[in-house]
Amino acid sequence: MTPREILDLMKQHEVQMVDFRIVDVPGRQHHVTVPAAEIDEEVLERGVAFDGSSVPGFRGIEESDMVMRPVLETAFLDPFTEVPTLAVTCNVYEPGGNRYERDPRYIAEKAEEYLKSTGIATTAYFGPELEFFIFDDVRFDSTQSGAFYAIDSEEAVWNTGTGPKNLGYHVKNKGGYFPVAPTDTQQDIRTEMVLELMKAGIRVERHHHEVATAGQAEINFRFGTLTRTADTVMTYKYIVRNVARRHGKTATFMPKPIFGDNGSGMHVHQSLFNGDEPLFYREGGYANLSDVALHYIAGILYHAPAILAFSNPSTNSYKRLVPGYEAPVNLVFSRGNRSAAIRVPVAVVSPKTARIEFRTPDCTANPYLAFAAMLMAGLDGIRRKLDPTELGFGPINKNIYELSAEEKAQIKSVPGSLGEALDALEADYEFLLEGGVFTKDFIRTWIDFKRNNELAPLHLRPHPYEFSLYFDL
């Protein structure tokens, strides 16, 4: 869209406010709102100033002046404001007009440019599947004298015996996949989320209740190019959270908010095209995959420990990555097998739908960084012609959880903690520097931010379960 088209859109919908939004390094949105009367073509082209020192992962107070410039094709009418408001995602610039190297959206765009420069392909398509929980109540606190969390859901299995009146039909642990009402209590709220996503220009394919108890949900949208798909993820999370709030509920994308049941992931489907030519399909190959696709798979699995520092970047991520809960902890690929880190979907496959699905990531990832890291790893595999079978990554077509101890010992696993993933990134990051996509400064910033702001504070605090383990010892 052009600035003139945006102004015409504002006039058509009587927009009174324009909301400029950016994404910080960890992956949260920030915004500044400007009255429509102050918006003209010049503002839409040059952007608005903001304080970069107040944005996590950006700059210090001594060099804080920065500019956000709107990416006009991301604009949509915000359905949650009282007055008509146009929301638009922005790129971050330095005062002199250069792109800011730590802007996650810039890193995603550089990854797409690097792809083109390699001559391997022109376009990388990404299709993430975001899972989340819709709770009726959440409480948590952490102080010097105590810590706790408590969640609740009207459909949770732990509520089968509560209340002055109970109508039953609660979702059992691992019993939430595809039930109809009255067991599925969230059909209407998910449908409302879908309708709002569609109004925002997002093409939605389906929605359903997911496996876990207590309101686990999934809404799938159409795949797209890397950066624009990351934009969609941010809008998706915004809409899901606010529709839930509209109904007096709360939505969380935490990977493992519930002990003893499935967690929430973000399975990421990926494919490469050279113009209109799909590059991942070869009839007769394993799962009809081409050599290019197999090299791409090898690159992701080879660099997976480092990728997880971006794709599974929370301490809670590794509460999900444990065997027994459909958790893709095994660094292998497989045709149609959901216990592998990379699954090759085989239902209704054609040349254009041939793709791989990296199942390990979760929604605490900053999508711009995670998608860029996956692409860079896959391209490294193609460039070096890595063979996943020679590297010991499969394929494995059995249920991995039912393999013998000897067979399991041959399979590599994902890191067991965020600290291990950060160590892996520290030891393996050169593939991310190709084409200047990531920089050493950004990787150092990411590692230090995670260690200082998440790992260190968590390590210093007693865990509530430690009182059960050790209080009387």
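Which residue lies over the face of Tyr-106? It is Lys-110, at 4.7 Å from the ring centre. A charge counts as sitting over a ring if NZ of Lys or CZ of Arg is within 6 Å of the ring centre and within 35 degrees of the ring normal. Arg-384 also lies over a ring face, that of Tyr-302, at 5.1 Å from the ring centre.

Before we go on, please keep in mind that this is a predicted model, where local features need pLDDT of at least 70, side-chain atom pairs count only at pLDDT 80 or more, and totals for chains, interfaces and linings use all residues. Residues are numbered from 1 along each chain as its sequence is written, and side-chain values use heavy atoms, with hydrogens and water left out.

Let us stay with the rings. A pair of aromatic rings is described by the distance of the centres and the angle of the planes. Here, rings of Phe, Tyr and Trp (its six-membered ring) pair if their centres lie within 6.5 Å; planes under 30 degrees apart are stacked, over 60 edge-to-face, and the rest tilted. By this rule there are 18 aromatic pairs.

Another pair joins Tyr-286 and Phe-333: the ring centres are 5.6 Å apart and the planes at 85°, so it is edge-to-face. Tyr-286 sits in the loop between β15 (277–278) and α6 (291–311), while Phe-333 is in strand β16 (residues 330–335), so the pair ties together parts 47 residues apart in sequence. Phe-333 is buried, with a relative accessible area of 1%.

β16 and β17 pair in the parallel sense over four bridges; strands pair if DSSP finds at least two bridges between them. Asn-330 stands opposite Ala-340 in β17. In β17 (residues 340–344), five of five residues are buried. Two bridges also join β17, antiparallel, to β18 (residues 356–358), where Glu-357 is the bridge partner of Arg-343.

On a 1 Å grid over the protein atoms alone, a pocket is an open set of points with protein on both sides within 12 Å along at least five of seven lines, and lining residues have an atom within 4 Å of a point. The second largest pocket has a volume of about 1,000 Å³, a volume being the space filled by probe spheres set on the points, which are joined across faces, edges and corners. Of its 43 lining residues, the closest to the centre are Glu-129, Arg-206, His-269, Arg-343 and Arg-355. The largest share of the lining, six residues, comes from β7.

Technical notes. Buried < 20%, exposed > 50% of the residue type's maximum accessible area, 1.4 Å probe, protein only. 1 Å grid on protein atoms, 1.4 Å probe; cavity = no way out; pocket = protein on both sides within 12 Å on 5 of 7 lines; lining within 4 Å.
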